Amino acid sequence: YTSVGYDLDGLYRPEAVRTYLPGIAAASSSPNQFSSAVGYRYDLAGNRTRSELFVYGQTADLVTEYGFDKLNRTTSIRQSGSAIYGRAVSLAYHADGRIRDVTRYGSSSLGAAVDPNPSAPQLIGTSMSIFAPTTGRLTSLTHADSAGKAEVEYDFTYDAFDRIETYGEKR
């Protein structure tokens, strides 16, 4: 059977979640060796700032870091690790708090959009969201490539109960 272990911090948030698989533990040198684990870190406001996934080892296979502004809105998400190619997104907001746009990068650092240096962040696209001014509902979402050309566009309409009624996709 598979078992799961948890470590909680003083506010009862998960700090570590470990999965133990019998076949893997028996093959390791330690009977208490975990098969996979996820660790979490938080800032003083309670925002999760980092998660790390370990599979069969001591090196993080996937690290996700989160950035926040003074209003505790997510402003960046960065992923790196031995199991993936680095990638990142940055988020910008309208004055009223709605997401204005999302910029996607092909590396785990944020910065200059396109650079011939492979260690520099490579802009791989942007997303723009349009919300209805009276309801705040998402009505349009566009993903564009690094040159600004729309790759795909989504349109949404809603019923009286705020459920998505129609969903359209244009490529």
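This is a predicted model: local features need pLDDT of at least 70, side-chain atom pairs count only at pLDDT 80 or more; totals for chains, interfaces and linings use all residues.

I start with a rule: a charge sits over a ring if NZ of Lys or CZ of Arg is within 6 Å of the ring centre and within 35 degrees of the ring normal. By that rule, the charged end of Arg73 is over the ring of Tyr93, 4.4 Å from its centre. Arg13 also lies over a ring face, that of Tyr42, at 4.2 Å from the ring centre.

Residues are numbered from 1 along each chain as its sequence is written, and side-chain values use heavy atoms, without hydrogens and water.

Next I looked up salt bridges (a side-chain nitrogen of Lys or Arg within 4 Å of a carboxyl oxygen of Asp or Glu). How many did the search of the whole structure find? It found seven.

I checked Arg13 again: it has a salt bridge with Asp9, closest N and O atoms 2.7 Å apart. Asp9 counts as buried at 13% relative accessibility (buried is under 20% relative accessible area, exposed over 50%, partly exposed in between; 1.4 Å probe, protein chains only).

Arg18 bridges to Asp7, with 3.1 Å between the closest N and O atoms. Arg18 is buried at 18%, while Asp7 is partly exposed at 34%.

Last pair: Arg50 and Glu52 form a salt bridge at 2.8 Å between the closest N and O atoms. Both Arg50 and Glu52 are buried. Salt bridges with shared partners join Arg50, Glu52 and Glu65 into one network.
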